[in-house]
Amino acid sequence: MERDAEYGGKLSEECSTNSAARDLGHGTAHGDRRVAELGEELRAKHSTPIHTEYGPEPGKYDDHPGAYSEKSGSILWLSGWSMPPAVFDDIRRELPEFRHFYADYGSAESPEAIMESVRRLALSLPVGEPHGEPSSDLHERAAPAPLLIAGWSLGGLLALRLASEGLAAGLVLFGATARFVRQPAEQQSGWAPASVQAMIPALRQDADRVLQQFHRQMFTKEERRDGLGASLPEASGWSVPGLIAGLELLATEDMRDELPDIHCPALLIHGTHDKICPYGAALEIQAGVPQAVLVEAAGCGHVPFLQKERQTAETIRSWWNDSPERQNPAPV
């Protein structure tokens with residue numbers, strides 16, 4: 001419990017003077033050999049170069065990480081609905097020891113295109129290559145560079161899917177959910193299906209108005225008063241078909257049954273006042289993923305890392321470098 005307070009203390013302090021980080025996770029779980037085998041099968045199937053039909057190839061932030069250690073590797077950043085990859089720029093600058101990649105699916109035209117694009121990107125990343133100098137001696141070679149997948153909101157849902165397929169060494173989830181739409185009895189964990197469906201025709205009529213309303217709900221009253229929304233990137237880069245495809249994915253994707261199949265360490269950072277993905281959604285992921293650690297961002301809305309990028313990076317670094325699961329990987 002002391003370690004979890006260390007992970008989240010600085011981050012939570014920035015959200016509320018009464019905040020505290022909480023570890024609601026379980027102990028280390030044994031690896032699932034089938035998950036690893038499935039990951040290898042997927043890598044073989046999708047070994048061709050990535051080419052998307054709706055835009056440029058996914059981007060790379062930095063191919064020359066600094067302060068490399070055997071525990072650093074690559075991070076694939078997956079943004080939320082209507083948000084550009086640039087929303088993570090300040091966090092990744094605070095993590096120079098990692099290589100950083102991002103997926104840009106804002107111009108996709110179907111939920112399947114979004115999912116396939118991020119899957120192919122995850123499969124293409126050089127997660128098996130060490131950052132250190134190559135050696136001819138097998139005993140002297142550096143350990144393979146791990147791949148962390150960091151997802152926010154919609155990106156968190158995508159990250160959960162990739163992790164269930166054995167494609168992640170670790171997960172970092174911000175304001176995430178395993179199922180976005182919920183029936184009335186579960187409204188503490190998500191949105192009503194009718195609310196999501198109503199946004200689709202509204203986007204075709206006036207996308208700017210829909211986005212303004214949605215972005216307003218991302219913040220608490222206090223955060224809006226403090227002008228936190230002005231820190232978001234101005235241009236989203238999402239087309240109307242892309243926005244609709246994202247909503248359709250949010251309306252259909254359900255990862256709840258697959259949560260126990262995710263055997264990599266997972267760090268959840270979630271605002272207690274999140275109206276987009278309510279805090280109950282984080283509790284659900286924490287209960288289902290065997291190696292989940294939940295950091296409570298007390299008083300925060302749907303963007304718990306905004307204007308707290310340095311604290312967020314320190315939380316990620318502390319968790320990844322110090323977690324027992326990271327130091328003693330479960331057998332596969």
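Student: Which residues in helix 5 meet which residues in helix 8?

Tutor: Happy to start there, with the reminder that this is a predicted model. On the helix 5 side we find Leu154, Leu157 and Leu158, and they meet Gly246, Leu249 and Leu250 of helix 8. By class, that contact holds 5 nonpolar residues, 1 polar residue and no charged ones.

Student: At what angle do the axes of helix 5 and helix 8 cross?

Tutor: Roughly 55°, with the axes of helix 5 (residues 154-164) and helix 8 (residues 240-252) coming within 11 Å. The two helices are therefore oblique to each other. As for handedness, helix 5 passes helix 8 in a left-handed crossing.

Student: And how does helix 4 cross helix 5, left-handed or right-handed?

Tutor: Right-handed. The axes of helix 4 and helix 5 come within 10 Å and cross at roughly 55°, which makes helix 4 oblique to helix 5. Helix 4 brings Ile114, Met115, Val118, Arg119 and Ala122 to the contact, while helix 5 brings Leu158, Arg161 and Leu162. Sorted by class, these residues are 6 nonpolar, no polar and 2 charged.

Student: What span should helix 4 have?

Tutor: Count 1.5 Å a residue: the 14 residues of helix 4 (residues 111-124) should span 20 Å, and the end C-alpha atoms are 20 Å apart, which agrees.

Student: What follows helix 5?

Tutor: Look at Gly166, where phi is positive, near 80°. Further along is strand 5 (residues 170-174), where Val172 has its place.

Student: Is Val172 buried or exposed?

Tutor: Its relative accessibility is 3%, so Val172 counts as buried. Leaving aside residues up to four places away in sequence, Val172 touches Leu148, Ile149, Ala150, Gly151, Leu267, Ile316 and Trp319. Take Gly151: it lies 21 residues from Val172 in sequence, with the C-alpha atoms 6.4 Å apart in space.

Notes: Residues numbered from 1 in each chain as written. Predicted model: local features only at pLDDT ≥ 70, side-chain atom pairs only at ≥ 80, totals over all residues. Heavy atoms only, no water. Axes fitted to C-alpha atoms, helices over the stretch in contact; angles between N-to-C directions. Helix = DSSP H or I, 4+ residues; strand = E, 2+ residues; numbered from the N terminus. Parallel < 35°, antiparallel > 145°, perpendicular 65-115°, else oblique. Left-handed = near helix turned anticlockwise from the far one by under 90°. Contact = heavy atoms within 4.5 Å. Nonpolar A, V, L, I, M, F, W, Y, C, P; charged D, E, K, R; others polar. Expected span 1.5 Å × (residues − 1). Buried < 20%, exposed > 50% of the residue type's maximum accessible area, 1.4 Å probe, protein only.
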